Amino acid sequence: MIFARRTGRRLLAITAAAAAPLLLVTAMASAAQASSPAATASSPRGLGSIGQVIYDSTSPNVTASQGFQCCGTSEFGDAVRFAPGLRFLTRVTVEMDDWALYSNPLVLPAGYIAQTAWKGKATGAWPGGGTNPNGKTYSNPRGYYWPLTLHLYVLSTSQLSDVTTPGTYPAAGTQIASVTQNVLIPWQPTPSTSSQCLTIDQQEFGSNLQAWKSPSGCEFGVPADITFALPHGVSVSNGLVWGVSFDTDTWGSSPVGYDGPFDGLNVAVTKAVSVGKDANPGGAFLDSTEADEYGSCYADANYTGSLITGCPTDSFRNDPNGWTGYVPAARFTSGIPIPPFT
């Protein structure tokens with residue numbers, strides 16, 4: 001695959017020919033990283049259930065992610081079909097991918113530039129008011145807190161005429177549930193100064209330090225499974241559309257208006273579905289202000305040329321073309337609620 005590279009605000013946004021238009025390339029992470037307890041919100045006390053995974057596209061091998069701040073994105077997700085079984089959702093896990101650094105190497109190699117490190121930097125006002133759980137500065141070496149919102153919609157269909165390939169596609173109908181949680185996002189590990197990682201940095205970012213050394217090699221970003229608990233459960237049919245949203249410096253429903261580590265937070269995409277089915281193969285659901293974020297806005301099937309005039313943007317809709325080989329990463333768990341003991 002050939003990538004055309006261009007610089008984003010703080011991260012490198014990558015345009016993939018014949019693939020999702022703007023993804024941030026990351027490397028494989030270990031299973032332990034992908035399921036870090038620090039990054040997982042637990043279920044409310046008193047709610048038990050017999051859990052059954054009815055859809056799963058998460059993976060310990062995250063290779064790319066959709067950027068938000070870099071790419072004018074407010075919400076990202078997909079349409080899914082559930083495997084046979086229970087239809088009472090108790091939790092949904094979305095796989096995120098964070099590129100924010102807590103610290104940089106103590107000594108930088110000659111000619112290299114350090115990325116923004118957030119250790120000790122002042123935190124801004126907490127979205128919506130109230131006490132910022134991060135405190136006055138970013139001082140937690142485990143990560144930083146940020147509110148994320150999960151949206152669940154009825155799986156419907158709609159006719160798309162102003163896209164590359166007109167036709168009838170899955171659509172997001174009425175919203176059936178929405179839950180916001182303040183979650184702990186783990187930092188990407190400190191960039192490595194090993195010759196191997198410096199070589200990869202030069203290939204991907206020029207003189208900017210970003211790659212870190214893991215047992216499997218040099219990697220970018222760190223995946224984390226963020227679990228949204230549904231305290232009262234949600235009855236669903238055989239499929240739905242999901243999306244996750246959050247605010248950044250200049251994007252989202254209520255942009256916060258200041259830089260922060262959340263500007264380096266993305267939603268992961270993987271290569272395949274292990275449980276259930278992708279109801280939107282080759283597509284994804286996206287809300288972006290940028291037409292070149294939508295594969296279906298390109299006039300040619302290679303997603304590298306001119307854009308369609310008037311192609312719809314700035315709303316959460318199906319982008320049915322241009323995501324072949326990429327599946328937004330989420331896991332749905334259903335069960336039979338067990339009431340708490342009194």
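Me: Okay, which residues does Phe-332 touch, not counting residues up to four places away in sequence?

Reply: Keep in mind that this is a predicted model. Contact here is about heavy atoms within 4.5 Å. With that cut-off, the list for Phe-332 is Gln-52, Val-53, Ile-54, Tyr-55, Val-80, Phe-82, Leu-89, Arg-91, Val-92, Leu-152, Leu-240 and Trp-242.

Me: And which residues touch the most other members of the largest nonpolar core?

Reply: That core has 51 residues. Strand 9 (residues 143–160) gives the most to the core, with five residues. The ones touching the most other members are Leu-89, Leu-148, Trp-242 and Phe-332.

Me: Is strand 8 mostly covered or mostly open?

Reply: Strand 8 covers residues 88–98. Buried means under 20% relative accessible area, and nine of the eleven residues in strand 8 are buried. So, with buried defined that way, strand 8 is mostly covered.

Me: Which residue in strand 13 is the bridge partner of Thr-93?

Reply: Strand 8 pairs with strand 13 (residues 222–235) in the antiparallel sense, over ten bridges. Look along strand 13 for the partner of Thr-93, and you land on Thr-227.

Me: What about Arg-91: which residue is its bridge partner in strand 20?

Reply: Strand 20 (residues 330–334) is antiparallel to strand 8, with five bridges between them. In strand 20, Arg-91 is partnered by Thr-333.

Methods:
Residues are numbered from 1 along each chain as its sequence is written. This is a predicted model: local features need pLDDT of at least 70, side-chain atom pairs count only at pLDDT 80 or more; totals for chains, interfaces and linings use all residues. Side-chain values use heavy atoms; hydrogens and water are left out. Buried means under 20% relative accessible area, exposed over 50%, partly exposed in between (1.4 Å probe, protein chains only). Helices (H or I, at least four residues) and strands (E, at least two) are DSSP runs, numbered from the N terminus. Two strands pair if DSSP finds at least two bridges between them. A nonpolar core is a set of buried Ala, Val, Leu, Ile, Met, Phe, Trp, Tyr and Cys residues joined through side-chain atoms within 4.5 Å.
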